[in-house]
Amino acid sequence: MPDSDEALRTLARNVRSARTRAGLSLDELGRRAKVSKGALVGLEKAQGNPNFATLVRLADTLGISVSALLEGPSEGRVRVVSADAVMPLWAGERGSEARLMLTTSGAAPVEVWRWRLEPGEEYPSHPHQAGVVETVSVTSGRMTLIVDGTEHAVEAGQTATFDGDASHAYRGSGTGTCHLIMTVHIPPGPGSTN
C-alpha cells in the first residue's frame with residue numbers, strides 16, 4: 001500500500017504541474033472545477049484530504065486522468081498491478097468499492113477500474129468532460145447502469161458503453177455482489193500532440 005504522505009506529495013506535484021501546463025491560475029482552476037481556491041492551495045502544498053469527486057472534477061478540468069494526478073513516474077515498459085496494491089477511491093456503506101488499477105499513457109489515456117457493487121448500493125457520478133467514453137464489463141452478478149435517468153440492466157458476460165458527459169450512476173442489482181471492469185477513455189488534453 002502506498003505511503004499516504006508520499007501519495008499526497010505526488011498528488012500535489014501532479015496537480016501543480018498539470019495546472020501550469022494548462023496555463024490556469026489557482027482561481028481559474030478552482031472556478032472551472034468547482035473547488036475552492038483555499039482547497040487548491042492546500043492541495044498543492046500537500047495538505048488536506050481531497051475526496052474522489054474532487055479528484056475527478058480536477059482531472060476532468062485539467063483534461064487528464066485521475067491516475068495521472070495520483071501516480072509517480074513510470075517504472076518501466078511493463079507494469080503489473082494487483083488489486084490489493086491500490087487503495088479504493090470510493091467505498092460504499094455496504095461494502096461496494098472502486099479501485100483505479102492503472103491508466104495507459106499517451107495523448108488519449110484509458111483508465112482501468114475494478115468495481116464491486118453490493119445489491120442496492122449505488123454510486124452517482126457527475127458528468128465528465130465532453131469526449132469521455134465509459135465502458136463497463138460485468139464479470140459476475142448484475143448491475144443497473146443509469147444514464148440520463150434511464151436504467152439499463154447489465155449482467156455477467158455483458159458490456160455496455162456510453163458517453164460520460166451525461167449524468168450517470170452504477171447500482172448493484174440482483175441478490176449477489178456484482179464485479180465489473182470499467183474503462184474510461186479520456187480525450188487528448190490541452191497541449192497534447194499525437
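By class, 4 nonpolar, 2 polar and 4 charged residues make up the lining of the second largest pocket, where Ala, Val, Leu, Ile, Met, Phe, Trp, Tyr, Cys and Pro count as nonpolar, Asp, Glu, Lys and Arg as charged, and the others, Gly among them, as polar. The model is a predicted one, in which local features need pLDDT of at least 70 and side-chain atom pairs count only at pLDDT 80 or more, while totals for chains, interfaces and linings use all residues. Residues are numbered from 1 along each chain as its sequence is written, and side-chain values use heavy atoms, with hydrogens and water left out.

The lining of the second largest pocket consists of Ala83, Glu97, Arg99, Arg114, Trp115, Arg116, Thr139, His179, Leu180 and Ile181. At least two of the lining residues come from each of β2 (97-103), β3 (110-117) and β10 (178-185); strands (E, at least two residues) and helices (H or I, at least four) are DSSP runs, numbered from the N terminus. On a 1 Å grid over the protein atoms alone, a pocket is an open set of points with protein on both sides within 12 Å along at least five of seven lines, a cavity is a set of points where a 1.4 Å probe fits but cannot get out, and lining residues have an atom within 4 Å of a point.

Searching the whole structure gives 1 cavity of 30 Å³ or more. The lining of the largest cavity has 20 residues, and Val56, Glu111, His128, Glu134 and Val184 are those nearest its centre. Two or more lining residues are given by each of α4, β3, β4 (122-125), β9 (168-173) and β10, and α4 provides the largest share, 4 residues. Divided by class, this lining has 13 nonpolar, 4 polar and 3 charged residues. The table gives both volumes, each being the space filled by probe spheres set on grid points that are joined across faces, edges and corners.

| Space | Volume |
|---|---|
| Second largest pocket | about 160 Å³ |
| Largest cavity | about 180 Å³ |

Two packed helices are described by the angle between their axes and the distance between the axes. Helix α2 (residues 26-33) and helix α4 (residues 52-62) have axes that come within 9 Å and cross at roughly 115°, the axes being lines fitted to C-alpha atoms over the stretch in contact, with angles from 0 to 180 degrees between N-to-C directions. This makes α2 roughly perpendicular to α4, a term that covers 65 to 115 degrees. Contact, meaning heavy atoms within 4.5 Å, is made by Leu29, Arg32 and Ala33 of α2 and by Arg57, Leu58, Thr61 and Leu62 of α4. These residues divide into 4 nonpolar, 1 polar and 2 charged.

α2 also packs with helix α3 (residues 37-44) at an angle of about 115°, the axes being 9 Å apart. Leu26, Asp27, Leu29 and Gly30 of α2 meet Lys37, Leu40, Val41 and Glu44 of α3, and the contact has 4 nonpolar, 1 polar and 3 charged residues. Within α2 lies Leu26, whose C-alpha atom is separated by 6.8 Å from that of Leu40, 14 residues apart along the chain.

Notes. Parallel < 35°, antiparallel > 145°, perpendicular 65-115°, else oblique.
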